[in-house]
Amino acid sequence: MSLTSQAPHSCDYCQKITIDLGHKSISQLGCGIEEALTADRAGCPLFRAFLDSINTKVLLDSNSINRCKLNFAVRYEKENLPDFPATLVLIVSGTLNDGTKTVDIRGQSRLALWTSEDDSASVDITTRPYELDYASPTSVGFARSCIQSCQLDHEGCRRSAANIMARQGPDVIEPDSIPSRLLRLVSKDSVLHVKLIGECFPSTLQKEVVSRQGFAILSYCWGETQPMQLTHGNISDFEDGVPITQLPKSLRDAAWFTNEMGLNYLWIDALCILQDDVEDKIHEISRMELYYGQSTVTICAASASRCSEGFLMSREEDAGNYSIGPIQLRAKTSTGTFGYIQALDESDSFNMQRPAEPIALRGWTLQEALLSRRILIFSSRHLYFTCTVANASCGGLEPMLKPRVMTSFESRVVGVHTLSGLRDYPVRSVWDTIVREYTTRSLGVPADKLPAVSAMASNLIPMAKERGQNLVYLAGLMLDTSDADNYYWRTELLWAVSQMKNTCHVSDRSPSWSWSSVDGSVKTWGYAQPNGWSNTDGITLCEYGVELENEIAPFGTVKGGFVKIHARTRGLDTIAGFDYAFLTQRDYINDRVDTGRTVLALCPDTSEREEVVQRGIQGKQHVFFLELIPFNEKRPSPAGIIITQMPGVGSYVRVGMFEFQGRDNRETAAEMLARQTLFNDSPFQDVHII
């Protein structure tokens with residue numbers, strides 16, 4: 001039977017139990033193993049939970065049951081929110097005499113508790129079942145409460161827009177960070193309208209007012225052609241005000257919910273950026289880090305794959321949310337009255353096993369979340385709030401902002417979270433994490449590969465400078481030119497595709513040495529600088545540069561780029577004596593050709609590039625290894641990129657990467673010698689790669 005908070009389990013066996021909410025004490029149930037097994041066979045999940053806490057295999061033998069003396073008890077533990085909800089501890093204790101000795105049996109498990117708002121037990125238990133109506137007063141009140149609590153209590157969320165890595169900042173929005181245009185929410189004839197104010201409009205944007213009152217911003221999936229967009233041709237319509245009933249459903253929902261929260265201003269890209277003006281698009285995209293970083297709250301339409309879907313519809317409660325229960329139990333309150341509570345265990349409270357929300361599959365929305373300081377997440381299951389330091393859910397077991405203690409669970413929705421705990425890591429590591437996540441997502445327009453993450457990149461560069469690093473951004477790579485040890489610029493070039501068969505080259509003009517030149521998931525080279533690293537190997541980054549599509553967007557689309565590297569090269573047609581293999585599928589769990597052997601792993605970027613590598617091995621095309629990481633006993637090395645010469649131009653293009661992987665067990669002398677000598681007879685030369 002599927003159990004939910006609306007249809008909890010209840011049976012004669014568990015209804016004999018009354019939980020005393022006024023005392024923290026152990027209550028004996030007065031039943032033994034036979035009654036517990038009978039209740040379990042009758043389908044009672046409470047007694048199933050009791051028995052699951054011990055090894056019941058031996059007890060199922062009838063003779064064993066006769067020699068077993070077990071006591072079943074419960075202990076009520078009061079809530080301590082936001083840290084812990086009220087809990088029911090199930091306790092099993094006793095002995096089993098096997099004829100030769102007496103064995104102690106102990107078992108314990110924990111179930112969380114909640115109750116409904118109108119139940120008498122609500123005086124002791126403040127956790128409620130999840131609110132499933134996102135447009136209800138409860139949902140709106142939850143949003144208001146979370147925002148206000150965060151504004152008052154979280155210094156980490158009051159950061160300066162100029163420094164998203166900082167942990168504190170002003171209480172009000174910086175006037176210079178307010179968008180060029182905003183939608184003002186006004187009521188006309190009892191109908192809510194959106195009226196555009198700011199640049200190009202007679203109604204000026206009073207930045208001081210917005211700075212104090214705040215504004216919301218929408219993060220959503222377009223998913224289709226927007227039926228309502230701001231253009232030079234319809235500016236007058238938005239100047240007069242457009243009824244929200246004329247907007248696509250997700251935009252309409254955002255306007256309605258913003259108004260209900262008490263905010264008067266909203267930013268939506270389709271309605272606040274001139275969609276037929278390239279210069280305006282470039283200018284506004286370059287300011288997105290300010291808009292998302294300084295907004296009062298980001299409304300995340302996580303469950304909608306298209307702008308016409310909306311996100312405020314009521315949800316159906318999913319019985320799959322629970323691994324145990326909900327189980328309805330009778331309770332005596334601290335005031336002496338009686339009511340009912342529900343005991344349960346959530347099967348996947350952080351949604352790690354659920355399919356990704358539509359918004360977590362789109363490229364643009366990654367930076368929108370990371371740059372935000374507060375996010376209301378309207379997921380396909382529940383309404384959640386996350387900020388830079390805490391999480392909460394509308395109903396459920398985290399009804400109040402609960403500070404995070406682990407950065408592995410940044411929010412209750414995978415792929416939707418603020419920069420949060422990543423701030424504690426080096427900027428270069430943060431960027432690697434972003435690249436790995438970003439490249440798993442899709443873009444409606446392939447040419448958006450760099451623009452869709454440009455706001456995040458533009459914010460990290462000054463952060464690195466404040467930490468004493470001189471990071472240079474080149475078409476998606478963060479090259480550390482201040483690296484005295486001459487190591488980390490090399491690792492930026494050592495990205496590899498995760499699924500070669502599913503990867504293709506994009507049609508824009510990104511240089512071949514950048515991951516932005518391919519459409520597919522990318523794995524960055526995650527090996528830190530080894531102890532004893534020497535920068536005397538002679539490998540040097542001599543020159544580099546990119547040609548920008550537009551000078552006002554230094555982190556946006558490029559027309560091309562180059563790197564000039566002084567390094568050793570070796571032709572692929574000379575590796576016949578080495579043990580080599582193609583590695584075309586890789587992730588952070590399966591990243592080796594064979595852990596039981598030393599092998600030269602060849603990782604082409606695409607299927608077409610694999611053919612180039614094959615021709616290089618066969619001597620039918622000039623294809624070379626370019627060494628970036630020399631031999632190191634504790635690293636897959638040597639490592640570098642695979643290049644081939646462009647006909648008639650003297651420049652090279654990347655076609656893949658390689659690494660000489662040592663076996664996990666002790667390498668033989670011959671195997672280690674093969675790695676050590678791969679480039680021994682290879683000359684240094686300047687290689688120009690485009």
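1. Start with helix 7, residues 249-261. Its buried residues are Ser250, Leu251, Asp253, Ala254, Ala255, Phe257, Thr258 and Met261. "Buried" here means under 20% relative accessible area, while exposed means over 50% and partly exposed lies in between (1.4 Å probe, protein chains only). Helices are DSSP runs of H or I with at least four residues, strands are runs of E with at least two, and both are numbered from the N terminus. A handy thing to remember: an α-helix has 3.6 residues a turn, so residues three or four places apart point the same way.

2. A word on what you're looking at: this is a predicted model, where local features need pLDDT of at least 70 and side-chain atom pairs count only at pLDDT 80 or more, while totals for chains, interfaces and linings use all residues. Residues are numbered from 1 along each chain as its sequence is written, and side-chain values use heavy atoms, with hydrogens and water left out.

3. Just after the helix, glycine 262 has a positive phi of about 95 degrees.

4. Now the big picture. The protein chain has 690 residues, and 57% of them count as buried. It contains 16 helices and 31 strands. Along the principal axes, the C-alpha atoms fill a box of roughly 90 × 85 × 40 Å.

5. Have a look at the open sheet of 10 strands: the order is 9-7-6-10-8-11-14-15-16-17, and the pairing is mixed. Strands count as paired if DSSP finds at least two bridges between them. Strand 9 (242-243) and strand 17 (402-403) are the edge strands, each pairing on one side only.

6. Zoom in on strand 11, residues 297-300. Val297 and Ile299 point one way, Thr298 and Cys300 point the other, and all are buried. In a regular strand the side chains alternate between the two faces of the sheet.

7. What are the neighbours of strand 11? Strand 8 (residues 216-219) pairs with it in the parallel sense over 4 bridges, and isoleucine 217 has threonine 298 as its bridge partner. Strand 14 (residues 374-378) also runs parallel to strand 11, joined by 3 bridges, with isoleucine 299 opposite leucine 376. Strand 14 then pairs with strand 15 (residues 383-387) in the antiparallel sense over 5 bridges, where isoleucine 377 stands opposite tyrosine 384.

8. How many disulfides are there? The structure holds 0, taking a disulfide as a pair of cysteine sulfur atoms within 2.5 Å. For cysteine 146, the nearest cysteine sulfur is that of cysteine 394, 8.1 Å away. Cysteine 146 counts as buried because its relative accessibility is 4%. The sulfur of cysteine 603 is 18 Å from the closest cysteine sulfur, in cysteine 504, which is too far for a bond.9. Finally, the axes of helix 11 (residues 364-371) and helix 13 (residues 454-466) come within 8 Å and cross at roughly 40 degrees. That makes helix 11 oblique to helix 13. The contact (heavy atoms within 4.5 Å) involves residues including Leu370 of helix 11 and Met456 of helix 13.

How values were computed: The expected span of a helix is 1.5 Å times one less than its number of residues. Axes are lines fitted to C-alpha atoms, for helices over the stretch in contact, and angles run from 0 to 180 degrees between N-to-C directions. Angles under 35 degrees count as roughly parallel, over 145 as roughly antiparallel, 65 to 115 as roughly perpendicular and the rest as oblique.
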